[in-house]
Amino acid sequence: MRSMRQVRLNNGVCMPMVGLGTYSAENDEETTQEAVRMALQMGYRHFDTAKIYGSEPALGSALRGAISEGVIEREDIFVTSKLWSSDHHDPVSALEETLEKLGLEHVDLYLVHWPVKLKPGVVNPIPNEEDYDELDLESTWFGMEKCVEMGLCRCIGVSNFSSRKIKQLLGFASVPPAVNQVEMHPMWRQRKLREVCKKYNIHVSAYSPLGGPGNYWGSTAVVDHPIMKSIALKHNATPPQVALAWGLSRGSTVIVKSFNQRRMRENIGALHLTLDDSDILKIQKMEEWKIMRGEFFTNETTSPYKTIQDLWDDEI
Ligand SMILES: NC(=O)c1ccc[n+]([C@@H]2O[C@H](COP(=O)([O-])OP(=O)(O)OC[C@H]3O[C@@H](n4cnc5c(N)ncnc54)[C@H](OP(=O)(O)O)[C@@H]3O)[C@@H](O)[C@H]2O)c1
């Protein structure tokens, strides 16, 4: 069975460079399962889900099917899921629930989805004022560490964490985060965060690596950008491949979602595209704009963040 290029994380675990995202607003089980089956055939070995996406059952069922048919072995795939904000009080139970939905014994990576704590049972992804609990990252992280100790996951990490929050976490973590999964693409390049994470040996994984074209919060600005088009033309590639090759060239894994066979093949093809220094320089000059801004986690009263600048510690 083909294997994919990988990065070695700070605890020695290896993570395949291109991951298939499984968030889709429709969350149709059959479509998701079919996409995962196709992805496995094309060589995808890394799958990204989260409790809040609702895609854990479909992903798990497709992976288990492929394992039982002998298409792949469990050790050949890398599965990530995430702790939703209303589960910060008990990461162990939340991960046990996730594993039950996936039908797997462990996940490879479990991430704190957002630095936001909501009251237990809050299911609305866009919280109301009364839904917030006081954020206590130290106790959340203690629960995440317990998940590793219990063998429920091989690695733990965070998502949507600024440089400042990463440093805070390192102040008390016994197990440092292996990964920070954040928005990153040619128009949101995360230069400062990448430097800080590099210093502390934390891998930066890129979500929305194409800018999320077609998502309700996404943008086509990246894939339609004239600079991306010109670089693509030069390499006989496509703008989405250039966007992904840029993320890979920065040493990041890219978590890209497509459930369309042609686009999934196009995206994994980015592994064969190498950008040169002049391409990288052109991309560095592109204007920047963060697409996932997180306004829904801010308010004047109960959220720890009054503004998005508080949420991202001015890295926006
Ligand atoms: N940690 C977090 O907070 C967080 C936040 C957002 C996302 N994520 C993860 O990252 C994954 C990817 O992020 P994302 O979905 O926001 O952004 P994305 O991968 O940049 O974009 C996905 C969108 O682009 C379309 N697309 C994919 N390949 C394409 C191509 N070659 N040409 C043109 N369009 C293409 C897809 O539609 P089709 O399916 O029709 O191809 C889909 O609408 C998610 O599924 C999720 O797993 C994590």
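The legends below describe close-up views of a predicted model. Residues are numbered from 1 along each chain as its sequence is written, and side-chain values use heavy atoms, with hydrogens and water left out. Local features need pLDDT of at least 70 and side-chain atom pairs count only at pLDDT 80 or more, whereas totals for chains, interfaces and linings use all residues.

**View 1. Tyr-44 in the largest nonpolar core.** A nonpolar core is a set of buried Ala, Val, Leu, Ile, Met, Phe, Trp, Tyr and Cys residues joined through side-chain atoms within 4.5 Å. Buried means under 20% relative accessible area, exposed means over 50%, and partly exposed lies in between (1.4 Å probe, protein chains only). The largest core has 83 residues, and Tyr-44, Phe-47, Tyr-110 and Leu-275 touch the most other members. With neighbours within four places in sequence left aside, the contacts of Tyr-44 (heavy atoms within 4.5 Å) are Met-4, Val-18, Gly-19, Leu-20, Ala-39, Met-264, Asn-267 and Ile-268. Another core, of 13 residues, lies apart from this one and includes Trp-84, Tyr-305, Ile-308 and Leu-311. In soluble globular proteins, nonpolar side chains tend to be buried together.

**View 2. The aromatic pair of Tyr-23 and Trp-217.** Rings of Phe, Tyr and Trp (its six-membered ring) pair if their centres lie within 6.5 Å; planes under 30 degrees apart count as stacked, over 60 as edge-to-face and the rest as tilted. The count by this rule is 8 aromatic pairs. Tyr-23 and Trp-217 form a tilted pair, 5.6 Å centre to centre, with 55° between the planes. Helices (H or I, at least four residues) and strands (E, at least two) are DSSP runs, numbered from the N terminus. Tyr-23 is in the loop between β3 (18–21) and α1 (29–42), and Trp-217 is in the loop between β9 (203–207) and α7 (226–235), 194 residues apart. Tyr-23 is partly exposed at 22% relative accessible area, and Trp-217 is partly exposed at 22%.

**View 3. The aromatic cluster around Trp-84 and Phe-297.** Trp-84 and Phe-297 form a tilted pair, 6.1 Å centre to centre, with 40° between the planes. Trp-84 lies in the loop between β5 (78–83) and α3 (91–102) and Phe-297 in the loop between α10 (277–284) and α11 (308–311), so the pair ties together parts that are 213 residues apart in sequence. Both residues are buried.

**View 4. His-113, a UniProt-listed position.** An unreviewed UniProt entry lists His-113 under "binding site"; UniProt positions are given in the numbering used here, feature names are shortened, and annotations may be inferred rather than shown by experiment. His-113 is in the loop between β6 (107–112) and α4 (137–149) and is buried, at 6% relative accessibility. Not counting residues up to four places away in sequence, His-113 touches Ala-50, Ile-52, Tyr-53, Lys-82, Leu-83, Trp-84, Ser-159 and Asn-160.

View 5. A salt bridge is a side-chain nitrogen of Lys or Arg within 4 Å of a carboxyl oxygen of Asp or Glu. The structure holds 17 salt bridges. Lys-290 is in the loop between α10 and α11 and Glu-183 is in strand β8, 107 residues apart. Both partners are buried, Lys-290 at 2% relative accessibility and Glu-183 at 1%.

**View 6. The salt bridge of Glu-288 and Arg-189.** The closest N and O atoms of this pair are 3.6 Å apart. Glu-288 lies in the loop between α10 and α11 and Arg-189 in the loop between β8 and α6, so the pair ties together parts that are 99 residues apart in sequence. Glu-288 is partly exposed at 41%, whereas Arg-189 is buried at 8%.
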